[in-house]
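Q: I am new to this structure and would like to learn how to read its features. Please take them one at a time.

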Amino acid sequence: MERDPQWLIGVDFGGEGFNGGLSRGRDFVVGSSSVGSEGDLPAEIVFNSELETLAQTFRLSGGVSAAGVGTFPGAAYDVSDPENPRRLNICFLEGDLNNAPNFEWDPDATGQGGAEWFYVMVSDYDGTGETYADANFVLPPDEDILYVVWGRIAGGRTLLEADPSSITIDIARIAA
């Protein structure tokens with residue numbers, strides 16, 4: 001995470017970055033993304049209380065089901081052309097089975113971060129959060145997921161304590 005203090009840390013699910021809390025969509029679980037290695041893109045995830053992304057929210061309850069449009073405090077960009085970044089769609093999962101979804105990406109400081117995963121998608125940001133409303137999201141989602149991020153708030157920190165802040169992802173491709 002770029003910017004001090006580092007308020008967000010990865011929840012280790014075996015991912016290849018962010019302390020195990022970040023993975024390519026296709027590596028999350030075999031067959032979990034339609035994006036192959038040729039689709040690897042450098043991305044920047046910006047966390048900013050003044051920049052909102054409307055995102056399809058999914059609820060973990062008896063499978064994964066679309067719950068409606070929620071908000072993500074920031075945005076994700078394809079930065080393969082740094083002079084012309086392309087804004088990307090984001091989806092997120094609210095995994096707390098005991099509470100109704102609040103339609104906000106807002107991880108907490110518990111060990112699981114409130115199970116607030118988010119998915120950076122390859123598609124252009126639609127401005128409505130509706131692109132994935134009819135997605136057949138089966139855990140894990142079988143869509144155009146570029147990156148999966150599972151984070152939690154670091155001990156003694158607060159959500160968006162460093163505002164704005166960002167995560168830059170540029171996982172190298174190795175050609176065979």
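Q: How many aromatic pairs does the structure hold?
A: A pair of aromatic rings is described by the distance of the centres and the angle of the planes. Rings of Phe, Tyr and Trp (its six-membered ring) pair if their centres lie within 6.5 Å; planes under 30 degrees apart count as stacked, over 60 as edge-to-face and the rest as tilted. The structure holds 10 such pairs. One of them joins tryptophan 7 and phenylalanine 47, edge-to-face, with 5.3 Å from centre to centre and 85 degrees between the planes. This pair links distant parts of the chain, 40 residues apart: tryptophan 7 is in the segment before strand S1 (8–10) and phenylalanine 47 is in strand S3 (residues 43–47). Helices (H or I, at least four residues) and strands (E, at least two) are DSSP runs, numbered from the N terminus.

Q: What should I know about the model and its numbering?
A: Residues are numbered from 1 along each chain as its sequence is written, and side-chain values use heavy atoms, with hydrogens and water left out. This is a predicted model: local features need pLDDT of at least 70, side-chain atom pairs count only at pLDDT 80 or more, and totals for chains, interfaces and linings use all residues.

Q: Are tryptophan 7 and phenylalanine 47 buried or exposed?
A: Buried means under 20% relative accessible area, exposed over 50%, partly exposed in between (1.4 Å probe, protein chains only). Both tryptophan 7 and phenylalanine 47 are buried. For another pair, the ring centres of phenylalanine 72 and tryptophan 105 are 5.0 Å apart and the planes are at 40 degrees, so this pair is tilted. Phenylalanine 72 lies in strand S5 (residues 64–72) and tryptophan 105 in the loop between strand S7 (86–94) and strand S8 (116–124), so the pair ties together parts that are 33 residues apart in sequence. Phenylalanine 72 and tryptophan 105 are buried.

Q: Which residues do ring pairs link into a cluster?
A: The cluster consists of Trp7, Phe47, Phe72, Trp105 and Phe118.

Q: How many salt bridges does the structure hold?
A: A salt bridge is a side-chain nitrogen of Lys or Arg within 4 Å of a carboxyl oxygen of Asp or Glu. The structure holds 3 of them. Aspartate 78 bridges to arginine 86, with the closest N and O atoms 3.2 Å apart. Arginine 86 also bridges to aspartate 124, where the closest N and O atoms are 2.6 Å apart. Arginine 86 lies in strand S7 and aspartate 124 in strand S8, so this pair ties together parts 38 residues apart in sequence. Aspartate 78 is buried at 7% relative accessibility, while arginine 86 is partly exposed at 27% and aspartate 124 is partly exposed at 47%. Glutamate 161 and arginine 157 also meet in a salt bridge, at 3.1 Å from N to O.

Q: Which side chain does serine 123 join in a polar contact?
A: A polar contact is a pair of N or O atoms within 3.5 Å; within protein, one must be able to donate a hydrogen and the other to accept it, and residues adjacent in sequence count only if both atoms are side-chain atoms. The side chains of serine 123 and tyrosine 132 are joined by one of 2.6 Å. Serine 123 is in strand S8 and is buried, with a relative accessible area of 17%.
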